[in-house]
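The sequence and the structure are shown first, and the description follows.

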Amino acid sequence: MSNTPMAANPLTRAVLEIDEYASGLGWDQPARLFALVDTARLRTQEPSLAAQLGLEEETGATGLTPIEQDEVPTDKALDEFLATIAWPDPVVGCALTVERLMLPPSAEAQVPQGLSEAKLARWVADHPDRQEVRMTVAVLRDGTRDSALRLREKDASTEVLTGAGLVPGLAEALSATFEE
């Protein structure tokens with residue numbers, strides 16, 4: 001991912017790498033789940049996999065390597081699916097990229113009360129101030145988290161917003177995949 005901006009820590013770099021990968025696939029994509037593994041450990045313990053991922057040349061590189069998992073099922077709610085996941089020990093973290101519609105905080109007071117989930121989703125989809133957003137959220141076993149948000153209308157790597165607390169609910173759901 002040569003277009004990935006440099007970031008201060010390995011988790012942020014992994015989030016931005018996944019965001020850039022998802023960006024290359026275009027919009028209107030299904031959710032994608034990634035295991036995060038220690039790159040140096042991967043090179044040592046799985047040299048053939050590291051070679052397949054193009055990591056054998058980076059002998060001095062440290063960080064996290066995202067490995068895309070099987071497709072996220074579309075016939076099950078995302079939180080229900082995440083509740084079924086358990087990661088093996090070599091996986092030090094995980095990440096998910098998903099597209100959603102969001103409204104600005106100013107629209108919160110306009111939300112009709114008592115709508116079913118389906119009717120609320122329709123209301124948001126029809127709202128004139130809605131924004132399409134791609135969220136990439138990653139967590140580590142130790143609870144560290146980071147996120148990247150990319151708006152469809154500002155679809156450029158220089159317009160990606162990052163931060164640990166941007167999508168707290170999804171971060172919590174991903175963290176729960178590491179609980180025993």
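Glycine 63 is situated in the loop that joins helix 3 (47–52) and strand 2 (64–68). The model is a predicted one. Glycine 63 has a relative accessible area of 11%, and because this value falls under 20%, the residue counts as buried. Apart from residues up to four places away in sequence, glycine 63 touches Pro10, Val37, Asp38 and Thr39. Between glycine 63 and arginine 41, which are 22 residues apart along the chain, the C-alpha separation is 9.8 Å.

**Overall architecture**

The protein contains six helices and six strands. Read from the N terminus, these elements follow the order α-β-α-α-β-α-β-α-β-β-β-α. The radius of gyration is 17 Å, close to the 16 Å given by the globule rule for 180 residues, so the protein is as compact as a globular protein of that length. Its C-alpha trace spans about 55 × 35 × 25 Å along the principal axes.

Of the 180 residues, 39% count as buried. Among the contacts with a separation of 6 or more, 66% are accounted for by residues 24 or more positions apart. The accessible surface of the protein amounts to about 10,400 Å², and carbon and sulfur atoms contribute 50% of it. As for charge, there are 15 positive and 30 negative side chains. The centres of these two sets lie 3 Å apart.

Which residues of helix 6 (residues 168–175) are buried? They are Leu170, Ala171, Leu174 and Ser175. These residues lie on the same side of helix 6, because the arc that they cover around the axis is only 140°. The elements against which the buried residues of helix 6 pack are strand 1 (32–38), helix 4 (78–82), strand 3 (91–102), strand 4 (131–140) and strand 5 (145–151).

Leucine 78 belongs to helix 4, one of the elements in that list. Its relative accessible area is 18%, and leucine 78 is therefore classed as buried, the cut-off being under 20%. When residues up to four places away in sequence are not counted, leucine 78 touches Val72, Leu96, Val98, Arg100 and Leu170. Leucine 78 and serine 106 stand 28 residues apart in sequence, with 27 Å between their C-alpha atoms.

**Residues with greater accessibility**

Arginine 141 is placed in the loop between strand 4 and strand 5. It is partly exposed, with a relative accessible area of 35%. Leaving aside neighbours within four places in sequence, arginine 141 is in contact with Trp87, Pro88, Asp89, Val91, Val92, Gly93 and Phe178.

Aspartate 28 lies in the loop between helix 1 (10–25) and strand 1. Although aspartate 28 is not a glycine, its phi is positive, at about 65°. With a relative accessibility of 55%, aspartate 28 counts as exposed.

Aspartate 126 is part of helix 5 (residues 117–126). Its relative accessible area is 52%, so aspartate 126 is exposed, given that exposed means over 50%.

**Selected C-alpha distances**

| Residue pair | Separation in sequence | C-alpha to C-alpha distance |
|---|---|---|
| Glycine 63 and arginine 41 | 22 residues | 9.8 Å |
| Leucine 78 and serine 106 | 28 residues | 27 Å |
| Aspartate 126 and glycine 163 | 37 residues | 28 Å |
| Arginine 141 and serine 48 | 93 residues | 25 Å |

Definitions and conventions
Residues are numbered from 1 along each chain as its sequence is written. This is a predicted model: local features need pLDDT of at least 70, side-chain atom pairs count only at pLDDT 80 or more; totals for chains, interfaces and linings use all residues. Side-chain values use heavy atoms; hydrogens and water are left out. Buried means under 20% relative accessible area, exposed over 50%, partly exposed in between (1.4 Å probe, protein chains only). Helices (H or I, at least four residues) and strands (E, at least two) are DSSP runs, numbered from the N terminus. The arc is that of the directions from the helix axis to the C-beta atoms. Contact means heavy atoms within 4.5 Å. The radius of gyration is taken over C-alpha atoms; the globule rule is 2.2 Å times the number of residues to the power 0.38. Accessible areas come from the Shrake-Rupley method with a 1.4 Å probe; for residues, only the protein chains shown count as cover. Lys and Arg count as positive and Asp and Glu as negative; His and the chain ends are not counted. The place of a charge is taken as NZ of Lys, CZ of Arg, CG of Asp or CD of Glu.
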